[in-house]
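Visitor: Please walk me through this model, starting with the accessibility of a residue and then moving on as questions come up.

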Amino acid sequence: MKLVLIGPPASGKGTLARFICEDFNLPHISTGEIFRENIKKGTELGKTVKPYLDKAELVPDEITMQVVKERISKDDCKDGYVLDGFPRNKTQAELFEPMAKMDAAIHLNVDLKEIEGRILGRKTCSVCEKIYNTRYYDSDTCECGGKLYTREDDDIETIRRRFAQYETETVPIISHYKNILKTFSGGSTPQDTYEPIKVYIKEILTLDK
Ligand code: ADP
């Protein structure tokens with residue numbers, strides 16, 4: 001099962017991807033996470049992409065495509081995966097088309113006002129990258145024991161810029177996936193948002209058999 005998640009920044013995509021991956025036993029491929037991990041480790045890739053992440057700009061397509069190509073060629077991806085944060089624009093979607101056939105595209109619909117409310121409370125685990133919101137989670141430590149931190153790009157100015165970038169760059173890929181796309185409201189808690197999506201994925205899996 002190859003699934004792509006499409007949604008604005010801070011729409012709950014990352015959390016949702018984790019729920020899906022755990023329930024359906026699929027690897028979670030987050031290009032943002034791969035980039036951040038490489039920056040943390042100080043790899044060549046990390047050094048190259050750091051300036052883009054610092055400015056919340058898109059990493060050049062050529063680099064992103066290479067990263068994804070390598071990641072999906074790994075053994076754990078042979079039965080499928082969940083893509084989170086990729087493709088991010090029409091060019092990436094088109095270049096990716098001959099590389100893999102997606103089974104479903106899940107589009108999370110969340111408006112900017114809700115996102116602004118969320119971003120102020122968002123904390124990320126420094127060890128496992130799990131995302132929390134202080135509205136629902138009142139601690140500085142992750143379940144895994146890691147310390148939670150506020151991502152540098154989690155402020156109102158940046159989120160507005162990233163939302164605008166999402167609208168111009170990423171929204172066009174919704175039409176690219178129109179044949180396999182289903183839109184869900186991402187306006188409530190991650191658990192509530194996930195329920196209908198889980199039912200939907202199960203339906204697709206049953207149809208597939
Ligand atoms: P978000 O919180 O928006 O989901 P991500 O963790 O997906 O953020 O991405 C963080 C940063 O990594 C982006 O601002 C961008 O610089 C880079 N990035 C992630 N995925 C891509 C992609 N598919 N193409 C280009 N750049 C990307």
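**Loops, helices and the ligand**

Guide: Asparagine 25 counts as exposed, with 69% relative accessibility. Buried stands for under 20% relative accessible area, exposed for over 50%, and partly exposed for what lies in between, with a 1.4 Å probe and protein chains only. This is a predicted model, in which local features need pLDDT of at least 70 and side-chain atom pairs pLDDT 80 or more, while totals for chains, interfaces and linings use all residues. Numbering runs from 1 along each chain as its sequence is written, and side-chain values use heavy atoms, without hydrogens and water.

Visitor: Okay, where does asparagine 25 sit?

Guide: Asparagine 25 belongs to the loop that runs between helix α1 (13–24) and strand β2 (28–30). Helices (H or I, at least four residues) and strands (E, at least two) are DSSP runs, numbered from the N terminus.

Visitor: And what is its phi, for asparagine 25?

Guide: The phi of asparagine 25 is positive, about 55°, although this residue is not a glycine. Glutamate 129 also has a positive phi, about 70°, and is not a glycine either.

Visitor: Is glutamate 129 buried or exposed?

Guide: Glutamate 129 is buried, with a relative accessible area of 10%, and its place is in the loop between β5 (122–125) and β6 (131–133).

Visitor: While we're on the backbone, which residues does the cis peptide bond join?

Guide: The cis peptide bond joins phenylalanine 86 to proline 87, with an omega of about -10°. Proline 87 is found in the loop between β3 (81–84) and α5 (90–96).

Visitor: Which helix holds arginine 71, then?

Guide: Arginine 71 is part of helix α4, which covers residues 61–72. With a relative accessible area of 18%, arginine 71 is buried.

Visitor: How far is arginine 71 from proline 190?

Guide: From C-alpha to C-alpha, arginine 71 and proline 190 are 26 Å apart in space, and in sequence they are separated by 119 residues.

Visitor: New topic, the ligand: how many residues surround it?

Guide: The ligand is surrounded by 20 residues, of which Thr31, Arg36, Glu57, Gly85 and Arg162 are the closest; to be near it, a residue needs a heavy atom within 4 Å.

Visitor: Which elements give two or more residues to the shell around the ligand?

Guide: Those elements are α2 and α3. Of the elements in the shell around the ligand, α2 gives the most, with four residues.
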